[in-house]
Amino acid sequence: MQEIKKIGERFWYMTPVSETDRPILGMAVGEAKTLMIDAGNSEDHALTFLNELSKRQVAKADMVVLTHWHWDHIFGLSALDGLLSLSSELTKSEMKKLIPLSWSDEALDERVKEGTEIEFCATAIKKEYVGDRDIKIVLPAITFDKRIEIDLGGLTCVVQHVGGDHAADSVVIYIVEEKILFLGDCIYSDIFAKKKNLTVQGTLALLDKLETFDAETYVLSHGRAISKEEYMQEVGLLRAIANYTVKNNGDKLRIMEAYHKQVKRNLNEDELEVIEDFVNGYHT
């Protein structure tokens, strides 16, 4: 069940759905303008969010910004024709590649077989679009290169390209006055590679960029809003495993032993998954 949640006085978001791969959608509400963050994985996803906010008397959205090109963040854009849409140049470029594609079961299955689509995404698309699948790829109206600052009236949103292994075009949205950093999917693994992976160089470069934001709350698109303390724990894990990956030449058992010595307890499922991702990235 999706829920509408509020952080501070001027930011709202809708929780994700893992089964159909619906990410978090956000809304930053200024005194003059309102900015929606991501368009959702379908028109229904986008409109559900807007309808729920309308019930709460939240100001209508004026603009929508895309965090990256992956289907679950852009397919709802066709329902938002009244909004000014923005993305990075890289995101628009990647979206253009999707325009000729068919999204039928047969086409999805064929691309999975070819290795140009992954089973997880194909299955999620089928579950999200159980009836009519008239998917239209709508390109953003305005693009920027590295960074754009949007004044919503008493609320400033800095949209900045950060990249990362998950998607080279990833941007984050920093809501300055609320000290909220909307991370999108940027710290997640590369899921389209033959083996899901994180690279040492890509992860460390990304974390250095994210450190420049003075945030107190961090929003992970397929997770939840977390505190700075929780975020720093995640950063500590990623930096430690990246370091051990290099020191141990990508040897999984030695990395596990090194991190076990550091934390002095059995490793949990998330930690083991991060180690596996870095090992895969090291040997790619």
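Which residues are buried in H7? To find out, select helix H7, residues 228-247, in this predicted model. The buried residues of H7 are Tyr231, Val235, Leu237, Leu238, Ala240, Ile241, Ala242, Tyr244 and Thr245. An α-helix has 3.6 residues a turn, so residues three or four places apart point the same way. Display the side chains of the buried set, among them Leu238, Ile241 and Thr245, and view the helix along its axis.

**Along the helix.** H7 has 20 residues. From its first C-alpha to its last, H7 reaches 28 Å, close to the 28 Å expected at 1.5 Å a residue.

**Just after the helix.** Move on to asparagine 249, which lies just after H7 and takes a positive phi of about 50°.

**From H8 to H9.** Now select lysine 264, in the loop between H8 and H9. The phi of lysine 264 is near 55°, a positive value in a residue other than glycine. Is lysine 264 buried or exposed? Lysine 264 is exposed, with a relative accessible area of 69%.

**From S4 to H1.** Turn to aspartate 38, located in the loop between strand S4 (34-37) and helix H1 (43-55). Aspartate 38 is not a glycine, yet its phi is positive, at about 75°. What is the relative accessible area of aspartate 38? The value is 0%, and aspartate 38 is buried.

**The whole chain.** Finally, clear the selection and display the entire chain. The chain contains nine helices and 13 strands. Its radius of gyration is 19 Å, close to the 19 Å that the globule rule gives for 284 residues, so the chain is as compact as a globular protein of that length. Along the principal axes, the C-alpha atoms fill a box of roughly 55 × 45 × 35 Å. Of the 284 residues, 51% count as buried. Among contacts between residues at least 6 apart in sequence, 60% join residues at least 24 apart.

With a surface displayed, the chain exposes about 13,500 Å², of which carbon and sulfur atoms supply 49%. Colouring by charge shows 33 positive and 48 negative charges, whose mean positions are 3 Å apart.

Key. Residues are numbered from 1 along each chain as its sequence is written. This is a predicted model: local features need pLDDT of at least 70, side-chain atom pairs count only at pLDDT 80 or more; totals for chains, interfaces and linings use all residues. Side-chain values use heavy atoms; hydrogens and water are left out. Helices (H or I, at least four residues) and strands (E, at least two) are DSSP runs, numbered from the N terminus. The radius of gyration is taken over C-alpha atoms; the globule rule is 2.2 Å times the number of residues to the power 0.38. Buried means under 20% relative accessible area, exposed over 50%, partly exposed in between (1.4 Å probe, protein chains only). Contact means heavy atoms within 4.5 Å. Accessible areas come from the Shrake-Rupley method with a 1.4 Å probe; for residues, only the protein chains shown count as cover. Lys and Arg count as positive and Asp and Glu as negative; His and the chain ends are not counted. The place of a charge is taken as NZ of Lys, CZ of Arg, CG of Asp or CD of Glu. The expected span of a helix is 1.5 Å times one less than its number of residues.
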